[in-house]
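Hello,

Here is the structure I promised to pass on to you. My notes on it follow just below.

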Amino acid sequence: RGCKKFLLFDVTCAPALYPYPVHHSLDRKARVDLEHPDLTGWPRAKALAGRGIEAVLEPGDVLFLPMSWFHHVHSVGEENVSLNFWFYDSGYLFEPKLVEW
């Protein structure tokens, strides 16, 4: 039910998102507030302009989010239900030559 709006950034955008340090309790999360970016405090965030990919998921849609990509999510509407599944890639997803098409 409902709808979700995603803003996705690939791993090359990480420096501009100012991720928390490794082993920090918020490790793998961005310090830049994408809704109200402070470009004075986080000047590299200017490089994010035009780099994000926006996706709107409606009932029945599926989104594959590659490992290490940053994502910002907004629920649209009053009611939302979603399901996610995390898994470790054994190398097939990132080695297309190994996949039997």
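This is a predicted model: local features need pLDDT of at least 70, side-chain atom pairs count only at pLDDT 80 or more; totals for chains, interfaces and linings use all residues.

Residues are numbered from 1 along each chain as its sequence is written, and side-chain values use heavy atoms, leaving out hydrogens and water.

The chain has one helix and three strands, in the order β-α-β-β from the N terminus (DSSP runs, H or I of at least four residues for helices and E of at least two for strands, numbered from the N terminus).

Of the 101 residues, 19% are buried (under 20% relative accessible area; exposed is over 50%, and partly exposed lies in between, with a 1.4 Å probe and protein chains only). The largest nonpolar core has ten residues, including Phe9, Cys13, Leu48 and Phe70 (a core is a set of buried Ala, Val, Leu, Ile, Met, Phe, Trp, Tyr and Cys residues joined through side-chain atoms within 4.5 Å). Helix α1 (residues 14-17) gives the most to this core, three residues. Leaving aside neighbours within four places in sequence, Cys13 is in contact with Leu48 and Arg51 (heavy atoms within 4.5 Å).

Now to Phe85, which sits in the segment after β3 (70-76). Phe85 counts as exposed because its relative accessibility is 69%.

Best wishes
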